[in-house]
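Please consider the structure shown below together with its sequence.

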Amino acid sequence: MSLRLIPGGRPRDAEGLLVTGASEVVTMAGGLRAGARQADAGILDAAAMGGLGTAGAPIVACWGERIVAVGPRDAVEQRLEAEGLPLERFGRLDAGGGVVTPGLIDPHTHLLFAGTREHEVSLRQAGAGYLEILAAGGGILATVAATRAASAEKLARHGRRWLDEILTHGVTTIEAKSGYGLDLATELRLLEVAFQLGREGPIDILPTYLGAHAVPPEFRSRPDGSEAYVRSILEEQLPGVAAQGRARFCDVFCEEGVFGADECRRILEAADKLGMAPRLHADELAPSGGAELAAEVGAVSADHLAAISDQGIAALAAAATGERPVVATLLPATSLFLMSDHYAPARRLIDEGIPLALGTDFNPGTSPTPNLPLVMAVGCLELKLSPAEALSAVTINAAHALGLGDEIGSLELGRQADLVVWGVPEAAQIPYWMGADLVRTVVKRGRIAFEHA
Ligand code: NIG
Ligand code: FE
């Protein structure tokens with residue numbers, strides 16, 4: 001297989017880009033998807049519009065970093081001319097009969113860490129539990145030790161290596177959590193590296209502060225360890241992270257045996273006041289009040305939910321009808337990798353009208369995969385999502401899970417020109433060719449950022 005990464009994207013010989021020759025354009029137009037609308041991908045199907053290559057076939061027009069028109073070729077061309085955007089100023093990208101979708105969005109990653117933990121798989125095969133390994137000083141704490149010892153340069157090299165691969169899977173925006181420092185200096189280092197990697201591009205990165213990921217070793221030996229660490233988050237880390245100004249969100253690991261709902265509430269409320277919007281690792285292993293807390297604090301997203309309670313579902317269902325819906329971001333690759341016998345109740349969440357997103361949870365302990373289309377496949381097989389539901393979960397709903405629903409995640413007038421050309425004739429095949437290399441071209445902010453050679 002030969003791949004080509006194009007630094008900086010297409011040359012600026014043309015100000016615009018016309019994406020033609022698509023069998024389907026998956027627009028995701030029309031906002032957040034919930035309930036039955038989770039399955040509405042807003043597809044423009046060439047076969048139903050006169051056929052591939054005809055004047056009625058769907059195209060996408062980008063100008064600079066934005067989308068300026070989507071629809072049948074003749075209508076789009078007329079509109080561009082009418083708006084003073086002559087066609088000769090547009091470059092062409094031929095989708096070759098493939099599918100065009102919005103750039104995928106991964107709303108939950110732990111991008112930056114040092115070291116690996118493959119040995120924990122055999123420990124779990126021998127019967128050890130995830131929290132048992134953590135309590136014995138392994139798990140997250142093993143990654144914390146390796147990450148504290150890693151320089152910013154080393155973390156940046158690791159980040160670039162994985163971002164290059166993430167781009168080849170059609171992902172154009174990710175969230176990236178800290179949480180493997182658990183002291184102010186290392187948390188700031190992780191957030192700064194995440195921010196700078198986003199600035200380098202082409203992938204946009206939204207940094208999240210996750211100081212409440214585990215109680216670090218220097219606090220574990222103290223009888224009041226957990227409370228003392230929460231106080232150090234409130235009094236030292238949060239003010240330091242806010243002063244640095246890189247973190248967009250604050251996350252917490254709200255889980256029985258890690259941080260309780262009361263501790264998480266204190267942290268998230270304080271973070272919110274400092275301008276970091278709340279999101280949560282909620283009810284991953286046991287019902288822990290995480291989903292309820294997400295609704296209470298108006299989190300943008302409640303993540304995992306493999307062990308969500310009936311009350312948690314009711315709380316998210318109520319939020320879904322209100323002013324601030326909480327997106328349920330499901331991470332089925334984690335359940336798979338932990339060899340869990342239970343997955344998040346995705347069908348029930350959809351029936352209750354709760355909007356779903358999907359993320360990789362890319363991290364060294366529970367989900368070492370950077371492949372979001374593979375997660376879509378697991379979402380179809382284990383969460384019983386339809387391909388269209390999985391697609392809205394990694395585009396428009398993932399955008400909403402990052403508070404960016406008006407900016408990315410759909411191919412609509414005025415949105416950022418982030419899109420993917422796939423080497424398949426129907427969108428339903430994206431999660432079908434499980435783990436396959438399907439991405440042909442990635443456009444980020446109107447420029448070609450990756451091409452399959
Ligand atoms: O989302 N659950 C907490 N955090 C990560 C795992 C982190 C780790 O094991 O290193 C997760 O699964
Ligand atoms: Fe996670």
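What takes up the space of the largest cavity? In this predicted model, the largest cavity is the space taken by ligand 1. Around ligand 1 there are 16 residues, and the closest are R117, Y130, Y180, E284 and T366.

Polar contacts to ligand 1 involve several side chains. In H213, a side-chain N or O atom lies 2.8 Å from a nitrogen atom of ligand 1. In D361, a side-chain N or O atom lies 2.8 Å from an oxygen atom of the ligand. H110 places a polar side-chain atom 3.5 Å from an oxygen atom of ligand 1. On its own, ligand 1 has 320 Å² of accessible area, and the protein covers 100% of this area.

H110 and D361 also belong to the metal site. The iron ion (ligand 2) is coordinated by NE2 of H108, H110 and H281 and by OD of D361, at 2.1 to 2.2 Å. Along the chain, these donors follow the spacing H-x1-H-x170-H-x79-D. Because H281 lies in strand β13 (residues 277-282) and D361 in the loop between β16 (356-358) and α14 (372-382), the pair ties together parts that are 80 residues apart in sequence. H281 counts as buried because its relative accessibility is 2%, under the 20% cut-off. D361, with a relative accessibility of 1%, is likewise classed as buried.

With 4% relative accessibility, T366 counts as buried. T366 and F90 are 276 residues apart in sequence, and their C-alpha atoms are 45 Å apart in space.

The backbone deserves a separate look. Most peptide bonds are trans, and most residues other than glycine have a negative phi. Where does this model depart from the trans form? G201 and P202 are joined by a cis peptide bond, with omega about 0 degrees. P202 lies in the loop between α6 (184-200) and β11 (204-212).

Positive phi values occur at H304 and at M339. The phi of H304 is near 85 degrees; H304 is found in strand β14 (residues 301-304) and counts as buried at 5% relative accessibility. For M339, phi is about 55 degrees. M339 is located in the loop between α12 (332-337) and α13 (346-351), and its 44% relative accessibility makes it partly exposed.

Methods. Residues numbered from 1 in each chain as written. Chains lettered and ligands numbered in written order. Predicted model: local features only at pLDDT ≥ 70, side-chain atom pairs only at ≥ 80, totals over all residues. Heavy atoms only, no water. Donors = N, O, S within 2.8 Å, 3.2 Å for Na, K, Ca; no water. Helix = DSSP H or I, 4+ residues; strand = E, 2+ residues; numbered from the N terminus. Buried < 20%, exposed > 50% of the residue type's maximum accessible area, 1.4 Å probe, protein only. Near = heavy atom within 4 Å. Polar contact = N/O pair within 3.5 Å; in protein donor to acceptor, adjacent residues only side chain to side chain. Areas by Shrake-Rupley, 256 points an atom, 1.4 Å probe, with all protein chains shown as cover. 1 Å grid on protein atoms, 1.4 Å probe; cavity = no way out; pocket = protein on both sides within 12 Å on 5 of 7 lines; lining within 4 Å. Sits in = over half its atoms within 2 Å of the grid points.
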